[in-house]
Amino acid sequence: MVLRVVSSKELYKGLKISRISWFLVGFLVTFWISYQQFAGSIEPPQALLVLGGAIEREVFAAEFAQQHPHLDIWVSSGTNPEYAEWLFSQAGISQTRLHLDYDAVDTVTNFTTIVDKLKSQGITSVYLVTSDDHMRRATVIGQIILGSRGISFKPLPVPSGRSPEPIEKVIRDGIRGIVWLTTGYTGANFLHQFSP
């Protein structure tokens with residue numbers, strides 16, 4: 001057995017390269033997120049993307065859509081179709097502007113099931129509608145998934161009166177978004193198997 005002694009000079013050089021690598025990765029991630037936010041602020045949104053989970057999100061979207069008649073409305077796994085169609089028609093929104101999608105089972109799949117549908121319609125910027133306590137997680141997932149298809153977004157938080165979700169959920173779903181980008185797997189089935 002041969003024991004190799006590493007000089008402090010070699011060790012320092014290795015640590016220096018490691019620090020530079022992590023700095024570059026951090027810089028690129030920060031640059032990408034900043035670019036997505038900048039692009040979202042200059043490109044006018046072409047549609048509303050409403051994340052299901054709370055009826056007040058669809059009520060807010062219907063009111064907002066009245067003021068913005070050029071926007072289509074995409075609702076991902078919201079209220080049942082009959083209620084959603086009734087709600088938007090009561091607000092004077094044409095059914096041709098309304099796109100209801102019920103493929104999602106959670107926040108990550110709200111994005112993964114609809115992102116390619118938005119892209120195929122030529123949509124490059126959306127308003128993102130969800131509850132204010134849910135917006136931080138939705139923003140992280142949106143930056144990853146919508147950003148991967150060149151779609152920017154502008155958050156429209158709906159007041160909920162609740163505290164923001166725990167950071168653990170944000171981190172978990174951010175990782176799930178990255179896993180989806182690299183494998184096409186969302187982890188939704190696995191996650192729901194072990195949920196209480």
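Tutor: Start with the definition of the elements: helices (H or I, at least four residues) and strands (E, at least two) are DSSP runs, numbered from the N terminus. This is a predicted model, in which local features need pLDDT of at least 70 and side-chain atom pairs count only at pLDDT 80 or more, while totals for chains, interfaces and linings use all residues. Residues are numbered from 1 along each chain as its sequence is written, and side-chain values use heavy atoms, with hydrogens and water left out.

Student: How many helices and strands does the protein have?

Tutor: There are eight helices and five strands. Read from the N terminus, their order is α-β-α-β-α-β-α-α-β-α-β-α-α.

Student: What share of the residues is buried?

Tutor: Buried means under 20% relative accessible area, exposed over 50%, and partly exposed in between (1.4 Å probe, protein chains only). In this protein of 196 residues, 41% are buried.

Student: And how do I read contacts?

Tutor: A contact means heavy atoms within 4.5 Å. Among the contacts in the protein with a separation of 6 or more, 79% are between residues 24 or more positions apart.

Student: Which residues touch the most other members of the largest nonpolar core?

Tutor: In soluble globular proteins, nonpolar side chains tend to be buried together. A nonpolar core is a set of buried Ala, Val, Leu, Ile, Met, Phe, Trp, Tyr and Cys residues joined through side-chain atoms within 4.5 Å. The largest one here has 21 residues, and those touching the most other members are L49, F111, L118, V126, L128, I145 and L146. At least two residues of this core come from each of β1 (47-51), α4 (107-112), α5 (115-120), β4 (125-131) and α6 (135-148). Helix α6 gives the largest share, six residues.

Student: What is L146 in contact with?

Tutor: Leaving aside neighbours within four places in sequence, L146 is in contact with L49, F111, V115, L118, V126, I141, I151 and F153. Apart from this core lies another of 18 residues, including L48, L71, I73 and Y127.

Student: How many aromatic pairs are there?

Tutor: A pair of aromatic rings is described by the distance of the centres and the angle of the planes. Rings of Phe, Tyr and Trp (its six-membered ring) pair if their centres lie within 6.5 Å; planes under 30 degrees apart count as stacked, over 60 as edge-to-face and the rest as tilted. By this rule there are three aromatic pairs. One of them, F60 with F64, is stacked, at 6.1 Å centre to centre and 15 degrees between the planes. Both residues lie in helix α2 (residues 55-67), four residues apart, or about one turn of the helix. F60 is partly exposed at 22% relative accessible area, whereas F64 is buried at 15%. For Y83 and W86, the ring centres are 5.7 Å apart and the planes are at 40 degrees, so this pair is tilted. Y83 and W86 are three residues apart in helix α3 (residues 81-90). Ring pairs also link F60, F64 and Y127 into a cluster.

Student: At what angle do the axes of α2 and α3 cross?

Tutor: Axes are lines fitted to C-alpha atoms, for helices over the stretch in contact, and angles run from 0 to 180 degrees between N-to-C directions. The axes of α2 and α3 cross at roughly 30 degrees and come within 9 Å. Angles under 35 degrees count as roughly parallel, over 145 as roughly antiparallel, 65 to 115 as roughly perpendicular and the rest as oblique. Helices α2 and α3 are therefore roughly parallel to each other. Where they meet, I55, E58, V59, A61 and A62 belong to α2, and Y83, A84, L87 and F88 to α3.

Student: Is D173 buried or exposed?

Tutor: D173 counts as buried, because its relative accessibility is 1%. This residue lies in helix α7 (residues 167-183). R137 is 36 residues from D173 along the chain, and their C-alpha atoms are separated by 7.3 Å.

Student: Where is G53 placed?

Tutor: G53 is in the loop between β1 and α2, and is exposed at 71% relative accessible area. G53 and T79 are 26 residues apart in sequence and 7.8 Å apart in space, C-alpha to C-alpha.
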